[in-house]
Amino acid sequence: MIQHDIVIIGGGPAGLAAAAAAKKGGADDILILERDGVLGGILNQCIHNGFGLHTFKEELTGPEYASRFIKIVKELGIPYQLNSMVIDINKEKEITVVSRENGLQVIKAKSIILAMGCRERPRGALNIPGYRPAGIYTAGTAQRLVNIEGHMVGKEVVILGSGDIGLIMARRMTLEGAKVKVVAELMPYSGGLKRNIVQCLDDFGIPLKLSHTVVNIEGKGRVTGITLAEVGPDRKPIPGTEEHYSCDTLLLSCGLIPENELTRNMGVSMNPVTSGPMVNDRLETDTEGVFACGNVLHVHDLVDYVSEEAALAGQNAAKYILYGASKTSGNGADAPRCSADAGICTGGSNGGTESSSAGACVAIRAENGVRYTVPQSLDPAAMAEKITVRFRVADVYKDRSICVYYDGKLISKKKKRVLAPGEMEQVVILKSSLAEYPDLKEITIRTEEES
Amino acid sequence: MENAKSDVLIIGGGVIGCSIARELSKYQCRTILLEKDEDVCSGTSKANSAIVHAGYDAKTGSLKAKLNVQGNLMMEPLAKELDFDFKRNASMVLCFDKEDMPALQALYERGVANGVPGLKIISGEEARQMEPNLSDEVVSALYAPTGGIVCPFGLTIALAENAFENGVEFFFNTKVLEIVKNENGYLVKTNRGDFETTYIVNAAGVYADEFHNMVSEKKIHITPRRGDYCLLDKEAGNHVSATIFQLPGKYGKGILVTPTVHGNLLVGPTAIDQEDKDGTATTAEGLAEACEKATKSVKNVPFRQVITSFAGLRAHEDNNEFVLGEPEDAEGFFDAAGIESPGLSCAPAMGLYLAEMVAEKGKFEKKADFKATRKGIVKAAELSREERAALIKEKPEYGTIICRCENISEGEIVDAITRPLGARSLDGIKRRVRQGMGRCQAGFCTPRTMEILSRETGIPMEQICKNSNGSEMIRG
Ligand SMILES: Cc1cc2nc3c(=O)[nH]c(=O)nc-3n(C[C@H](O)[C@H](O)[C@H](O)COP(=O)(O)OP(=O)(O)OC[C@H]3O[C@@H](n4cnc5c(N)ncnc54)[C@H](O)[C@@H]3O)c2cc1C
Ligand SMILES: Cc1cc2nc3c(=O)[nH]c(=O)nc-3n(C[C@H](O)[C@H](O)[C@H](O)COP(=O)(O)OP(=O)(O)OC[C@H]3O[C@@H](n4cnc5c(N)ncnc54)[C@H](O)[C@@H]3O)c2cc1C
């Protein structure tokens with residue numbers, strides 16, 4: 001059987017940044033497996049500007065951003081295998097890969113970094129009634145057809161969902177000569193970035209209808225029209241508010257789903273809110289030596305954070321290879337694990353009782369408007385000097401604070417004028433701040449209204 | 001059109017038309033099949049519950065009952081012969097009210113009289129032991145071990161391919177417009193020219209009444225009765241293992257919950273009469289009704305995992321019977337009309353029944369060189385690792401995965417296109433290899449499948465269709 005120290009599944013921005021960091025962290029035997037014919041992941045089809053403002057302090061296109069990381073990976077001499085689809089990973093970290101060139105291979109890894117990205121929510125999942133004609137695309141599929149294959153998907157377009165990809169595609173289709181009639185969003189707020197609404201809709205006079213959804217699709221061969229209706233607070237269509245739009249194309253931008261079939265099949269505990277694996281502060285799942293980063297862990301809107309997060313996963317995978325599991329957690333006990341129910345830690349593989357792992361693992365809990373956190377636990381003894389906890393809020397909030405509690409004691413409070421589900425938030429936790437709390441069980445992150 | 005003169009002309013490439021075609025291909029006669037769409041299995045045969053019914057539903061002594069029980073028996077050997085997916089997963093009819101027990105008992109007795117093997121009435125407890133997710137309200141159930149599930153596309157396509165290999169000629173995108181009786185038989189006018197034939201088999205699904213009424217004074221009338229469904233992800237596929245029916249009761253005709261032969265979970269169908277014979281649009285009410293009624297049978301159906309919804313049209317004939325054979329006043333014209341449920345289950349037996357009838361009329365002799373078997377498309381993902389590795393070594397295109405959800409390789413897609421009667425549309429590929437049928441519903445693989453289809457067939461990208469003409473994927 002082929003063996004490698006670290007195998008990275010997915011060669012998108014997450015996989016690339018993880019690979020580079022692992023190499024710099026001292027790991028030598030790394031392999032990236034990518035099912036596509038090129039590295040770079042979804043960025044290859046994002047030919048618009050707006051990537052890398054945080055990382056490189058300049059505005060790059062998706063392919064430009066990706067090429068910077070591809071260059072680093074190549075310079076570091078990290079091997080990668082393209083057109084190679086991972087179809088199975090088991091508990092023993094044996095990876096089954098299928099490719100044209102190498103046929104069916106089984107690769108045994110000491111450590112695995114999951115970086116498979118995400119996919120778009122299809123029409124069926126939205127259960128829109130009506131016909132099933134041609135001309136219904138997810139925004140990302142249309143983006144691929146238009147930007148990479150050079151085929152226009154349609155001329156008169158309605159977009160359901162105001163996720164970033166939908167917004168970007170509204171502009172793209174308009175620039176390509178199509179008429180984008182309306183963008184409808186089920187929620188009372190957009191799931192996309194503010195700047196995308198301004199630059200992609202407002203600048204082109206494309207209306208955004210919040211609290212609206214598609215209630216019927218017409219057309220037996222190709223889409224001929226759709227019906228929009230307003231929805232109430234229960235998100236159910238309000239009778240009498242129906243409006244008809246003729247169109248030949250319906251694009252869906254209704255959310256992204258982390259691509260975790262492999263993760264689930266290998267028995268890793270999942271977080272039902274993120275649809276990604278549960279991880280600790282090292283971005284390690286509850287299967288020792290298996291790390292996750294990027295959109296497979298939770299959906300990101302900015303690639304810069306993906307790269308940052310992935311670098312952390314890469315560094316920790318390298319540490320795992322160099323020092324083994326026990327050394328990465330402070331007191332020599334087995335690495336603490338996150339269990340299936342959100343944020344609860346248990347001991348290591350030896351069944352770690354309360355006493356043996358006391359203090360080794362602190363749960364991070366999301367509460368009161370905070371939908372989830374990544375990571376969901378941390379290990380105060382072994383953690384880095386500071387860790388970034390990323391999260392999203394559940395609704396649009398005005399004038400709220402983000403509060404951090406250690407076992408019920410308020411530690412920090414940061415005022416925010418606006419919080420929105422479309423923008424990822426973060427708090428930083430310093431290792432030094434934990435010193436005074438040797439028996440800490442739980443860190444809680446919540447929003448609170450201004451008093 | 002090379003003004004074809006056939007012995008038998010079949011209208012309609014659904015499961016019934018294809019089954020008759022295959023049976024007729026055992027005889028020395030020239031058989032032609034005309035289908036208005038671009039592929040077989042484009043009508044009702046593609047959108048139904050896919051249940052191979054045990055045979056207790058139909059009235060004892062009726063042709064429906066006889067063909068159902070016989071069709072059920074034939075399905076298993078046929079699945080082996082023609083290499084399509086079929087599974088005997090058993091079925092249950094649930095009774096929720098002690099008051100309805102006599103009706104359940106009557107169903108049991110009818111089944112026994114129809115010759116259905118192995119029927120049993122079991123208690124609610126026993127039913128829940130077999131199916132832990134059944135509702136607590138179930139008081140009793142009729143258990144039918146011979147109930148099965150089939151891939152309706154697989155069945156129809158397998159029949160068609162085998163018929164084709166044995167000499168039946170298929171004309172697609174060929175819509176029958178008019179039928180005129182002449183001295184030698186019939187003249188069949190289509191959008192692609194005229195066809196002369198001695199005999200006609202009318203297997204046009206919901207449209208069969210129109211053709212019947214062109215040649216016979218004994219008019220029939222078919223009402224499209226729509227059924228809406230929700231299909232759930234494979235993760236939900238184990239929610240039940242048998243097909244779960246509801247005993248029709250005071251809440252109306254029930255709906256079913258069943259695994260599909262590919263491991264998804266199917267919930268439906270509703271029953272709504274309508275005029276439009278192409279009206280396969282689902283409605284919000286229909287989908288909601290299906291889901292709501294399903295929860296009466298089965299607990300905790302994970303509706304969040306719906307991956308698609310669809311509707312099928314039952315060809316409901318006013319008299320509620322299959323209309324089979326020659327009308328008195330139209331010699332040489334054979335109906336297979338009003339074939340609503342259990343038409344799929346009956347298909348093998350009905351094909352045999354009608355083909356024998358036509359062959360007898362035409363005094364056709366059996367062929368000596370009929371080839372009874374057909375090999376399906378290799379499912380690379382289901383091979384053992386060694387077999388799969390060997391296959392990729394021999395044919396590298398099996399190493400390129402195109403559909404990530406269903407794990408379908410380029411090799412399988414190419415086979416679907418290039419084999420006899422190969423796919424010409426995205427839906428045609430999907431029905432042959434399940435590309436795009438998984439949870440992402442073709443979001444990922446559509447562009448690549450379009451390219452392969454274009455490359456293999458020479459159809460330009462701008463003309464690649466989802467199904468029939470007018471469903472172009474690209475509009476530049
Ligand atoms: C359509 C779209 C538009 C976006 N627009 C912007 C934007 O304008 N600005 C911005 O900052 N961010 C944007 N983002 C976000 C940013 O691009 C993503 O957050 C980032 O690409 C995620 O990186 P990733 O590596 O986690 O995932 P991906 O880029 O999706 O990479 C995952 C990789 O894993 C591979 N893979 C998956 N499964 C397997 C397997 N089984 N075997 C082998 N390989 C596999 C995939 O082929 C892919 O290459 C956008 C995202 C999307 C989806
Ligand atoms: C909701 C629902 C659930 C069902 N569930 C089951 C079940 O679980 N088990 C079961 O056994 N049966 C079931 N059935 C019944 C079964 O699906 C049908 O009996 C069967 O598919 C009918 O096949 P067919 O070939 O007669 O019709 P179709 O499949 O409709 O075929 C007719 C063909 O004729 C073609 N055609 C029509 N007009 C023309 C023309 N002018 N020129 C050329 N071609 C033409 C059409 O394009 C079509 O391809 C169900 C049906 C429905 C609607």
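1. Ligand 1 and the backbone of chain A. In this predicted model, a nitrogen atom of ligand 1 lies 3.0 Å from a backbone N or O atom of Val86(A). Two further contacts of this kind involve other parts of the chain. A polar backbone atom of Arg35(A) is 3.1 Å from a nitrogen atom of ligand 1, and a polar backbone atom of Ile42(A) is 2.9 Å from an oxygen atom of the ligand. On its own, ligand 1 has 990 Å² of accessible area, and the protein covers 95% of that.

2. The shell around ligand 1. The ligand is surrounded by 30 residues, of which the closest are Ala14(A), Glu34(A), His48(A), Asn295(A) and Asp301(A). Sorted by class, 16 of the shell residues are nonpolar, eleven are polar and three are charged. At least two residues each come from helix H1 (13-24), strand E6 (84-89) and helix H8 (303-328) of chain A. The element that gives the most is E6(A), with three residues.

3. How far is the backbone of Ile339(B) from an oxygen atom of ligand 2? The distance from a backbone N or O atom of Ile339(B) is 2.6 Å. Ile51(B) also takes part through its backbone, with an N or O atom 2.7 Å from a nitrogen atom of ligand 2. Ser341(B) contributes through its side chain instead: an N or O atom there is 3.4 Å from a nitrogen atom of the ligand. Of the 990 Å² that ligand 2 exposes when taken alone, the protein buries 97%.

4. The shell around ligand 2. Here 38 residues surround the ligand, and the closest are Glu35(B), Ser45(B), Ile51(B), Ile339(B) and Ser345(B). The shell consists of 17 nonpolar, 15 polar and six charged residues. Helix H1 (15-24), strand E18 (306-317) and helix H8 (343-362) of chain B each provide at least two of its residues. In terms of domains, at least three residues come from domain 1 of chain B and at least three from domain 2 of chain B.

5. Domains of chain B. The chain is divided into domain 1 (5-45 + 153-221 + 319-362), domain 2 (87-148 + 223-317) and domain 3 (380-463). Taken over C-alpha atoms, the centres of domain 1 and domain 3 of chain B are 31 Å apart. Twelve residues of domain 1 and eight residues of domain 3 make up the contact between these two domains.

6. The interface between domain 1 and domain 3 of chain B. The size of an interface is often given as the accessible area lost when the parts come together. For this pair of domains, the buried area is about 970 Å², and carbon and sulfur atoms give 61% of it.

7. Backbone geometry to check. Most residues other than glycine have a negative phi, and most peptide bonds are trans. In chain A, the peptide bond from Val374(A) to Pro375(A) is cis, with omega near 0°; Pro375(A) sits in the loop between strand E25 (370-374) and strand E26 (377-378). In chain B, Ser341(B) and Pro342(B) are joined by a cis peptide bond with omega about 5°, and Pro342(B) belongs to the loop between strand E20 (333-337) and H8. Ser341(B) is also the residue whose side chain contacts ligand 2. Leu283(A) is not a glycine but has a positive phi of about 60°. Its place is in the loop between strand E20 (276-277) and strand E21 (290-292) of chain A.

How values were computed: Residues numbered from 1 in each chain as written. Chains lettered and ligands numbered in written order. Predicted model: local features only at pLDDT ≥ 70, side-chain atom pairs only at ≥ 80, totals over all residues. Heavy atoms only, no water. Near = heavy atom within 4 Å. Polar contact = N/O pair within 3.5 Å; in protein donor to acceptor, adjacent residues only side chain to side chain. Areas by Shrake-Rupley, 256 points an atom, 1.4 Å probe, with all protein chains shown as cover. Helix = DSSP H or I, 4+ residues; strand = E, 2+ residues; numbered from the N terminus. Nonpolar A, V, L, I, M, F, W, Y, C, P; charged D, E, K, R; others polar. Domains from an automatic or database assignment. Contact = heavy atoms within 4.5 Å. Buried area = accessible area lost by both parts, 1.4 Å probe.
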